[in-house]
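Subject: Structure handover

Hi there,

Here is the structure I promised to pass along. Please open it first, and then read my notes on what turned up.

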Amino acid sequence: MPAEVTDAQLVHRCRAGEAAAWNELVERFSRYVYAIAARAFRLPEHDAEDVFQEVFARTYERLDSLRDDAAIRPWLAQLTRNACVDRLRAGARELPAEDAGATEADALIDRLDEALDVQEGLRALSGDCREILDRFFARDESYRVIGEALDLPAGTIASRISRCLGKLRAQLEERISTPDASGGR
């Protein structure tokens, strides 16, 4: 199984002009950027789509201004925040109260960051662990159904889930203990 491409490696490939890397960058962060616009700033769908386009256009134009390749996620979050505020101002909408709106948006962005951390942690696990955790937690399958699908005794499923969760926890703790370039986590 090929090793996961880190954010920093992906940005480096984008800077080198690799078209496939640009596609991968957009794919990796598309839901994140859209969720900030649609959920954190509560933009209507068409405005959220415009922000999405604008953020990735700015990313393409300004990627060389990113000081640390590993800091792409917080940089994209800031670009998205700025684009959302610009969109709200341009639409002559009332901006959220500085305290409540900004705090709520920041809290949602933190939750999105946590979800991305879990997703990245899962990608770093073996295919067997990813599958068993996906079946149990995302698909809500029973031990019996998972056991039948994977040709394992149902009694083995609980121990596999526990072992895989331990590996995921280790991945997440490693990510948390390694601060990103913006000083977070």
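A disulfide here is a pair of cysteine sulfur atoms within 2.5 Å. By that rule, Cys-129 and Cys-164 are joined, with an S to S distance of 2.2 Å. Please keep in mind that this is a predicted model.

**The disulfide**

The count comes to one disulfide. It ties together distant parts of the chain: Cys-129 sits in helix H6 (residues 127–138) and Cys-164 in helix H8 (residues 154–177), 35 residues apart. Which hand does the disulfide of Cys-129 and Cys-164 have? The torsion about the S-S bond is about -75°, so the disulfide is left-handed. Cys-129 and Cys-164 are both buried. Two further cysteines may interest you as well: Cys-14 counts as buried because its relative accessibility is 3%, and Cys-84 counts as buried at 0%.

**The overall picture**

The protein has eight helices and zero strands, so you will read the pattern α-α-α-α-α-α-α-α along the sequence. Of the 185 residues in the protein, 36% are buried. Looking at contacts between residues at least 6 apart in sequence, 65% join residues at least 24 apart. The protein exposes about 10,900 Å², and carbon and sulfur atoms supply 50% of that area.

**Salt bridges**

Side chains of opposite charge can pair when their charged atoms come close. For this model the count comes to 13 salt bridges, and I picked out three of them for you.

- Asp-47 and Arg-87 meet through their side chains in a salt bridge of 3.8 Å, N to O. This pair links distant parts of the chain, with Asp-47 in helix H3 and Arg-87 in helix H4, 40 residues apart. Asp-47 is buried, because its relative accessible area is 7%, whereas Arg-87 counts as partly exposed at 23% relative accessibility.
- Asp-134 forms a salt bridge with Arg-139, and the closest N and O atoms are 2.7 Å apart. Asp-134 is partly exposed, with a relative accessible area of 29%, and Arg-139 counts as partly exposed at 44% relative accessibility.
- Arg-13 and Glu-18 pair through their side chains in a salt bridge of 2.9 Å, N to O. Glu-18 counts as partly exposed because its relative accessibility is 33%.

There is also a network to look at: salt bridges that share partners join Asp-7, Arg-13, Glu-18, Glu-24 and Arg-28.

**Asp-69**

One more residue for your viewer is Asp-69, found in the loop between helix H3 (45–62) and helix H4 (72–90). Is Asp-69 buried or exposed? At 18% relative accessibility, Asp-69 counts as buried, because the cut-off for buried is under 20%. What does the side chain of Asp-69 join in a polar contact? Its partner is the side chain of Arg-15, at 2.8 Å. If you leave aside its neighbours within four places in sequence, Asp-69 is in contact with Asp-7, Ala-8, Val-11, His-12 and Arg-15.

Happy browsing, and do write back with any questions!

Best wishes

Key:
Residues numbered from 1 in each chain as written. Predicted model: local features only at pLDDT ≥ 70, side-chain atom pairs only at ≥ 80, totals over all residues. Heavy atoms only, no water. Helix = DSSP H or I, 4+ residues; strand = E, 2+ residues; numbered from the N terminus. Buried < 20%, exposed > 50% of the residue type's maximum accessible area, 1.4 Å probe, protein only. Polar contact = N/O pair within 3.5 Å; in protein donor to acceptor, adjacent residues only side chain to side chain. Contact = heavy atoms within 4.5 Å. Areas by Shrake-Rupley, 256 points an atom, 1.4 Å probe, with all protein chains shown as cover. Salt bridge = Lys/Arg side-chain N within 4 Å of Asp/Glu carboxyl O.
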